[in-house]
Amino acid sequence: MTTRYLRLLATLTLATCTLVQLGGCASSPLGRSQLVLFPESRLAEMGTLAYQDLRTQTPASTDGRANDYVSCVANAIIDANPELSKQPWEITLFDSDQANAFALPGGKLGVYTGMLGVAENQDQLAAVIGHEFAHVVAQHGNERVSTSFATQTGLQIAAIAAGGASETKNQLFSLLGVGAEVGIALPFGRAQETESDLIGLDYMAKAGFRPSEASNLWRNMSKQQGGNTQPSFLSTHPAAEDRIQRLDERTVSAEVLATNARRAGRSPNCG
Ligand SMILES: [Zn+2]
């Protein structure tokens, strides 16, 4: 594993030297300009490596019913959105009390059993999963890796690569947005989180889930935690009131998507 990560880092560094000169400006699905330097295939490789590693660290849940529930919600969203269904997705329910979830380039989704205690119904779970899918489609991992390599942090990562494999690995994890899960506080940026909230809302709506439950999820999390003791999933994301307001504003248009989806026969019933 060590050698693979070092080789990956070396390739990324070389690629940056070439690509920075060519420029790498792209636009997110909501029109925000992004620095995206690496081919999707490279990010898919990184995502797959990170996923394999996480799977060796955290056991998968053996609860058949819970696994079916998560797969049912995730597959309903995938099937309803061509941006997602263009590739196969591997779905894992991790046995961990963390109220967390993540998705990675390369078609990988991870949900932690702790999230099932916070998301009160299938629609709230759909909001979480839609949000994580949106990070991948909007290339937020690529953006973070690109920005990192175009700045001093990239040099630091290259230096770490020469010295310690586990630190290197953790850096890659956090750039891909699984930082919170492995205990490193390097979340996606505020703009990326907001973007994923809104894109994710449309994803769940197009699958026929109830968009109004997205903001309810955040109300629940906020209520459940209170005070300053936020769970990692919440602390790495925008302030609860901000995101609730933005989600509520977009819920009107999302309801139209959901109504159309149900008319077209998309009425998920995952339990
Ligand atoms: Zn997020």
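The legends below describe close-up views of a predicted model. Residues are numbered from 1 along each chain, following the sequence as written. Because the model is predicted, local features need pLDDT of at least 70 and side-chain atom pairs count only at pLDDT 80 or more, while totals for chains, interfaces and linings use all residues.

**View 1. The open sheet has three strands in the order β3-β5-β4, with mixed pairing.** Strands (E, at least two residues) and helices (H or I, at least four residues) are DSSP runs numbered from the N terminus, and two strands pair if DSSP finds at least two bridges between them. β3 (90-94) and β4 stand at the edges with a single partner strand each, so one side of each has no neighbour in the sheet. From one strand to the next, the twist averages 10°, where axes are lines fitted to C-alpha atoms, for helices over the stretch in contact, and angles run from 0 to 180 degrees between N-to-C directions.

**View 2. Strand β4 (residues 101-104) is covered on both faces.** β4 runs antiparallel to strand β5 (residues 108-112), to which four bridges join it; F102 stands opposite G110, and V111 is the bridge partner of A101. The two strands form a hairpin with three residues between them, and in the turn G106 has a positive phi of about 100°.

**View 3. Helix α3 (residues 64-80) packs on helix α6 (residues 122-137) at an angle of about 55°, with the axes 9 Å apart.** That angle makes α3 oblique to α6, since angles under 35 degrees count as roughly parallel, over 145 as roughly antiparallel, 65 to 115 as roughly perpendicular and the rest as oblique. V73, A74 and I77 of α3 meet Q122, L125, A126, I129, G130 and F133 of α6, with contact taken as C-beta atoms, placed from the backbone, within 7 Å. The contact comprises seven nonpolar, two polar and no charged residues, where Ala, Val, Leu, Ile, Met, Phe, Trp, Tyr, Cys and Pro count as nonpolar, Asp, Glu, Lys and Arg as charged, and the others, Gly among them, as polar.

**View 4. Helices α3 and α6 also lie across strands of the sheet.** α3 lies across β3 and β5 and runs at about 140° to β3, whereas α6 lies across β4 and β5 and runs at about 30° to β4.

**View 5. Helix α6 also packs with helix α10 (residues 190-206), at an angle of about 120° and with the axes 7 Å apart.** The two helices are therefore oblique to each other, and their crossing is right-handed. Among the contact residues are A126, G130 and F133 of α6, together with I199, G200 and Y203 of α10. By class, this contact has nine nonpolar, six polar and two charged residues.

**View 6. C72 is found in helix α3.** With 16 other C-beta atoms within 10 Å, C72 is partly exposed. The C-alpha atoms of C72 and P268 are separated by 8.1 Å, although these residues are 196 residues apart along the chain.

How values were computed. Buried ≥ 20, exposed ≤ 12 C-beta atoms within 10 Å, placed from the backbone. Contact = placed C-beta atoms within 7 Å. Left-handed = near helix turned anticlockwise from the far one by under 90°.
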